[in-house]
Amino acid sequence: MQSVDSYLSEIIAAITPLPPEDIPLTEADGSVLAVDAVTNWALPGFDNSAMDGYAVRAADVAGASAESPVTLPVDAEIAAGDTGAYTLGPGRSLKIMTGALLPAGADAVIPVEWTDDGRQTVRIIRPASAGNAVRREGDDAKPGDLLLPAGTRLGAAQVGVLAAAGHGTVRARRRPRATVISTGNELAEPGSPLVPGRIWDSNSYMLAAAARQAGCEATRHPRLRDEPDAVLAAIEQAAATADLLMTSGGVSMGGEHDVVKAALTELGTVAFRKVAMQPGMPQGFGLIGDAPRTPIFTLPGNPVSAFVSFRLFVEPAVQALQGRQAHPDAPGQPRSALRARLTAPVTSPDGKRSFLRANLDRRSGSVTPLTGQNSHQIASLARADSLIVIPEAVTNLPAGQTVDVLELP
Ligand code: AMP
Ligand code: MG
């Protein structure tokens, strides 16, 4: 049996990152920066008003109060987007809107709430210090500043700052395209009637959802019957368009119905292994199709095994496809393991790393293993928010012991 760590290293070493592309900002969500993103402009780009109000010289309103308001003439109104070159004279004011360019000569903005909102003249009932309600050029970023390091996965805020800095495209690696193929004569489509002996296909839905959550665009292939020729044809066809393939089922140890193993063994580029883990011992990984060859994971059929295998092996491969493993400090990196105290004893097979479905209580730092730890028990998986990790050499742990916990997204 191969260890989890050595199997994962082998997978990561075999993955070639997708080529960087110039991706339009409209499609950049979920892509991963291939280069540092720098701003060529100050953010904000000019001094501007933080509020709707009146641009003034602070010295002119120093004595303002409710009892003795200061009244100033209003010379003009400056809206956001107005590019006119306004100058504020001493003893005067300019009405100004949020985001409008601060006129030359002004050093403060009086919020409209401190005034009578006048048009010709304005009555001001509170003083303001210099800089009040003014956003200074460059107070968020200076020209040349690093906005986001290479390796950052772009989410909403990251796409936002790139837009704010005027980038119309971004040099990045797009979301990998993942295709999921489930196999098994027993499988029926959810929503269709079932007869005894058949089950509804859960894995292809689950794995496609997991792939999307991990940053892929995911496609489900219609489920396949246990016919090696059809399975091989479907896999080869999918490899032509996908960046990553996952199959489910058909790899258990030794059965003559192991259709995926039968279909792929001839190719010689996919290796089938026993990995020292529970659940998820039977694994297969390789590269298929024409260059650039497509990584394929042949995941076990039991739903919990497939799910755990996805988290351990496929998700890191998705990150490697997007060139993320080299940048541990970039925003959006995967969360590392937590430590928490067991609320109940656990057992684990000798020589295998086991992953136990659990509920984590972050507040008390405790973790509770769920009942129902068999690999077909998807209902208990759906109740879990985390996996307890028990090392290979450990077979028993008492309550109170501290363990590693992987949070589930
Ligand atoms: P296999 O590896 O094909 O022998 O499958 C192992 C177990 O997983 C069997 O109980 C299968 O019925 C089950 N299984 C396989 N594929 C799926 C699937 N797509 N959805 C749910 N269960 C599955
Ligand atoms: Mg099967």
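Q: So is strand E17 enclosed or open, and why?
A: E17 (residues 244-248) is largely enclosed by the rest of the structure, because five of its five residues are buried. Buried here means under 20% relative accessible area with a 1.4 Å probe, protein chains only, and strands are DSSP runs of E, at least two residues, numbered from the N terminus, with helices being H or I runs of at least four.

Q: Before I go on, what am I looking at?
A: This is a predicted model: local features need pLDDT of at least 70, side-chain atom pairs count only at pLDDT 80 or more, and totals for chains, interfaces and linings use all residues. Residues are numbered from 1 along each chain, and side-chain values use heavy atoms, without hydrogens or water.

Q: Which way do the E17 side chains point?
A: Leu244, Met246 and Ser248 point one way, while Leu245 and Thr247 point the other way. In a regular strand, side chains alternate between the two faces of the sheet.

Q: Which strands pair with E17?
A: E13 (residues 177-183) runs parallel to E17, joined by five bridges, with Thr179 opposite Leu245. E21 (residues 294-299) also pairs with E17 in the parallel sense, over four bridges, and Thr298 there stands opposite Thr247. Pairing needs at least two DSSP bridges.

Q: Switching to the largest nonpolar core, which residues touch the most other members?
A: Met246, Phe297 and Phe313, out of 41 residues. Such a core is a set of buried Ala, Val, Leu, Ile, Met, Phe, Trp, Tyr and Cys joined through side-chain atoms within 4.5 Å.

Q: And which element gives the most to this core?
A: Helix H6, with twelve residues.

Note on methods
Chains lettered and ligands numbered in written order. Buried < 20%, exposed > 50% of the residue type's maximum accessible area, 1.4 Å probe, protein only.
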